[in-house]
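Some notes on the helix packing and the core follow, for reading alongside the coordinates.

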Amino acid sequence: MMRVVQRLLDLNYFLLLFFGLSLVFTVAFSQALLTILLVSTGVLVLLGSHRELVKLPLFYPILLFMVLRLLSIVFSEDYQVSASEWQKWWLPLTYFVVGLNINRLEKAKGMVWVLVMAGGLVGIFATLKYFLSDVERTSSTTGAHDTLGNYLVFTGCLLLSQIAVNPKPLWRQLKAIVLLPLLSGLILTFARAAYLTCFVIVGVVGFVKKREIVLVFGALIVVFVVLWAAGPPIIKDRLTLSNPLFSSERDILWRAGFEVLKEAPPWGHGASSFDFTFSPEYREQLIDKKIGNWHNLYLEMVLDSGYLTLLVLLWILVRSFRFDLRQYRKRRGSEEVFLSGLALGKMLTVISLLIMGMFAVVLSDPIISMFFWTILALNSSPQGGSA
């Protein structure tokens, strides 16, 4: 039986590498791979891996989060609308798949570098697309500008932290080369929440761990000054406070959302409730009639599923951050710098989600959701620290 388990683990790891590589390029293929991995991981659990499964740090919080989201679909005030959430409800299971199968240090390393290289490739693709095609803002093959911006921010969290902890200048410089397409792709999305988050994580890594990374912070400021002076009109539209486009109509959305919030039951109105709770009066004020969410993760979570669901999500984020903070402190002085870098990168990812969640419903995006749960699971296995 042990031989069968080991072969399944090896097969799943191989599939996970393909999953990580394809994630930002094709949603359908990524979800198909995840489905296969769920079945294969279920077999592992039946063969005796259930003990490792329940030891994952976020096992119970994620399970509770999924139960609450399930109730928000089943008991929705408009089930026909909320039923669309079934397509995304199961995505947190990514955490269990990755956590159970990435059970060795070398596997965690391989997965991280596949994710980083995929980010570099999509950064190159986005940059070339912008300069060779007639596009106002660049995007990936699987989503819009915000999807690409958020994806590159998460990838940058993993890469920046590894650059910061590596004591060898040559390796830091080689890894920094991969950072260039990430930043170029990110800048050309003109996604302001991703910009803000990028500044924060660069500043945190620079001032906490590696002072020379602050040079990246300075370089970004120079780039934005140049864009402001001589860049495309869209950058001025999106960064000029007096421009009506600055808020992207979030002022209208949030004003309407807080009115609905006053009448929301403790368990919420139901998944995807924006479609049946957003007032027609406010919709008439919108220029973009296609807007379909509240553009705020926390507001949407409460209106859809209630305050308890939001508290459970915050519990997940805090618990993950504390787990990685302990790992970072434990590994900080050791020779194995990768694990300390991974712990730092995961903490940065949590910070990034908290920031971007103020301006977008980040986890409603299938690509970003799968990527986020993958990152949280990377060093979560009880055996993950062994070689």
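1. For the packing described here, axes are lines fitted to C-alpha atoms, for helices over the stretch in contact, and angles run from 0 to 180 degrees between N-to-C directions. The model is a predicted one. Helices α13 (residues 250-263) and α16 (residues 297-305) pack with their axes 10 Å apart, at an angle of about 35°. Their crossing is left-handed.

2. On the α13 side, the residues in this contact are W254, G257, V260 and L261; they meet L299, V302 and L303 of α16. By class, the contact has six nonpolar residues, one polar residue and no charged ones.

3. Helix α16 is mostly covered, with nine of its nine residues buried. The buried residues of α16 include E300 and D304 as well as L297, Y298 and M301. Among the elements that cover them are α3 (59-74), α13, α14 (274-277), α17 (307-331) and α18 (337-356).

4. At the start, the backbone nitrogen of Y298 lies within 3.0 Å of a side-chain oxygen of N296. After the helix comes G306, with a positive phi near 95°.

5. Turning to the core: the largest nonpolar core has 118 residues, and F19, Y95, Y151 and W373 touch the most other members. Helix α8 (residues 145-165) gives the most to this core, 11 residues.

6. Which residues does W373 contact, leaving aside its neighbours within four places in sequence? W373 is in contact with I62, F65, L91, P92, T94, Y95, I316 and L363.

Technical notes: Residues numbered from 1 in each chain as written. Predicted model: local features only at pLDDT ≥ 70, side-chain atom pairs only at ≥ 80, totals over all residues. Heavy atoms only, no water. Helix = DSSP H or I, 4+ residues; strand = E, 2+ residues; numbered from the N terminus. Left-handed = near helix turned anticlockwise from the far one by under 90°. Contact = heavy atoms within 4.5 Å. Nonpolar A, V, L, I, M, F, W, Y, C, P; charged D, E, K, R; others polar. Core = buried A, V, L, I, M, F, W, Y, C linked by side-chain atoms within 4.5 Å. Buried < 20%, exposed > 50% of the residue type's maximum accessible area, 1.4 Å probe, protein only. Polar contact = N/O pair within 3.5 Å; in protein donor to acceptor, adjacent residues only side chain to side chain.
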